Amino acid sequence: MSLIYQKEIKVTKEHIDHNNHVNNVQYVHWVEEIAGEHWDFVKYKTEYPGDIWMLLDHHIQYKKQVYLGDVITVKTYPKVPEGAKQPRKVEFYCNDQLVVDSLTLWILIDVETHKIKRLGNDWLDKI
């Protein structure tokens, strides 16, 4: 599995709030979006292509403001599982500086049984 997935986003007017910087809620949206994109990119290399991830916990730290016209590089990668929980980092960079740092916890749901799947600590190594 390509453990690091990244993309660039150019900040447009729709991302800006009344303080003239990227709205904090927009970052939360991007965190979910890039996690989904990464899973879509790699899920067929796993034993779980039909299963879905559900967000369990989200922590985000805003370090610097980003403005209209800036280009953000978003990087995400999974960390070592914690039991049934799968931690994922999402980092936002602007001009090579970390501007937002996020750590989320996800659980994998079996689409047939609707139950949580417990993944082995080494499941990422098998991809």
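Me: Which side chain does Lys7 meet in a salt bridge?
Reply: In this predicted model, local features need pLDDT of at least 70 and side-chain atom pairs need 80 or more, while totals for chains, interfaces and linings use all residues. Residues are numbered from 1 along each chain as its sequence is written, and side-chain values use heavy atoms, without hydrogens or water. A salt bridge here is a side-chain nitrogen of Lys or Arg within 4 Å of a carboxyl oxygen of Asp or Glu. At 3.0 Å, N to O, the side chain that pairs with Lys7 is that of Glu33.

Me: How many residues apart are Lys7 and Glu33?
Reply: Lys7 sits in strand β1 (residues 5-10) and Glu33 in helix α1; helices (H or I, at least four residues) and strands (E, at least two) are DSSP runs, numbered from the N terminus. The pair links distant parts of the chain, at a separation of 26 residues.

Me: Is Glu33 buried or exposed, or something in between?
Reply: Buried means under 20% relative accessible area and exposed over 50%, with partly exposed in between (1.4 Å probe, protein chains only). Glu33 comes out at 31%, so the label is partly exposed.

Me: Which strands do Asp101 and Lys89 tie together?
Reply: The side chains of these two meet in a salt bridge, 2.5 Å from N to O. Asp101 and Lys89 are 12 residues apart in sequence, so their pairing joins separate parts of the chain: strand β5 (residues 97-109) and strand β4.

Me: Which residues do salt bridges with shared partners join into one network?
Reply: The structure holds 6 salt bridges. Some share partners, and that links Lys7, Glu33 and Glu37.

Me: How far apart are the end C-alpha atoms of residues 4-126?
Reply: An unreviewed UniProt entry gives this stretch the feature "domain: Acyl-ACP thioesterase N-terminal hotdog"; UniProt positions follow the numbering used here, feature names are shortened, and annotations may be inferred rather than shown by experiment. The span is 15% helix and 41% strand. The distance between its end C-alpha atoms is 15 Å.
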